Amino acid sequence: MYKVSILIPVYNVEKYLSKCLESILIQTYKNIEIIIINDGTTDSSLDIAKLYASNYDFIHVYSYENAGISTTRNRALEKATGDYYLFVDSDDYLPDDYVEELYSCAINQQADIVYCDLFDFEKDEIYLKARNFEIYSFLTANYISNCSLVRKDILGEIRYDEHLSGKKLEDYDFFLNLVINRNAKACYQPNTKLFYRVF
């Protein structure tokens, strides 16, 4: 089994971080590492992250001054040692088979990117309904969330554009780059969903 690096940017999420981490710890897929990047948080999020890291040797915490989401994700990519990367927002949480479902799809479909629906757990409704990948439809609307599984070897030099940080475009730009410039194969996994908090 290949290792999956779960990459978590953290900034002032003390209300949600424990639930997020607990949902990862009970995943049915066990060959994981958790990379937490503290982006200059000012609440107790860092203390929570360090507490978990002290109890699990596969959880690693790194702290930096606040630099925004794109820089934080790029820092996480540099620290990861897995064969696949999975970004998880620190205020979201995963069904217990989430990693296994996306990983199985990646292997069975020989996919470079595996994505799914996002479910708004506060409103109890689908927030982002994904669809089977088709390049022309993807050029007009983004339906691949940042909480998708990505094969490490497809990345090459592609990273998140730090000029787009916080503009709600960094994820779309990242996946467009992978599909267009790296010929990444994207696959929709309709059998699972991520529990997502909408700001």
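What percentage of the 199 residues in the chain is buried? In this predicted model, buried residues account for 53% of the chain.

The chain contains six helices and eight strands. Their order along the sequence is β-α-β-α-β-α-β-α-β-β-α-β-α-β. The radius of gyration is 16 Å, close to the 16 Å given by the globule rule for 199 residues, so the chain is as compact as a globular protein of that length. The C-alpha trace spans about 45 × 35 × 35 Å along its principal axes. Of the contacts between residues at least 6 apart in sequence, 79% join residues at least 24 apart. Charged side chains comprise 20 positive and 31 negative ones, and the centres of these two sets lie 2 Å apart.

S145 lies in the loop between α5 (135–138) and β7 (149–151). The relative accessible area of S145 is 6%, and this residue counts as buried because the value falls under 20%. With residues up to four places away in sequence left out, S145 touches L118, L128 and F175. Within the local sequence, the side chain of S145 reaches the backbone nitrogen of C147 at 3.2 Å. S145 and I180 are separated by 35 residues in sequence and by 17 Å in space, C-alpha to C-alpha.

Key
Residues are numbered from 1 along each chain as its sequence is written. This is a predicted model: local features need pLDDT of at least 70, side-chain atom pairs count only at pLDDT 80 or more; totals for chains, interfaces and linings use all residues. Side-chain values use heavy atoms; hydrogens and water are left out. Helices (H or I, at least four residues) and strands (E, at least two) are DSSP runs, numbered from the N terminus. The radius of gyration is taken over C-alpha atoms; the globule rule is 2.2 Å times the number of residues to the power 0.38. Buried means under 20% relative accessible area, exposed over 50%, partly exposed in between (1.4 Å probe, protein chains only). Contact means heavy atoms within 4.5 Å. Lys and Arg count as positive and Asp and Glu as negative; His and the chain ends are not counted. The place of a charge is taken as NZ of Lys, CZ of Arg, CG of Asp or CD of Glu. A polar contact is a pair of N or O atoms within 3.5 Å; within protein, one must be able to donate a hydrogen and the other to accept it, and residues adjacent in sequence count only if both atoms are side-chain atoms.
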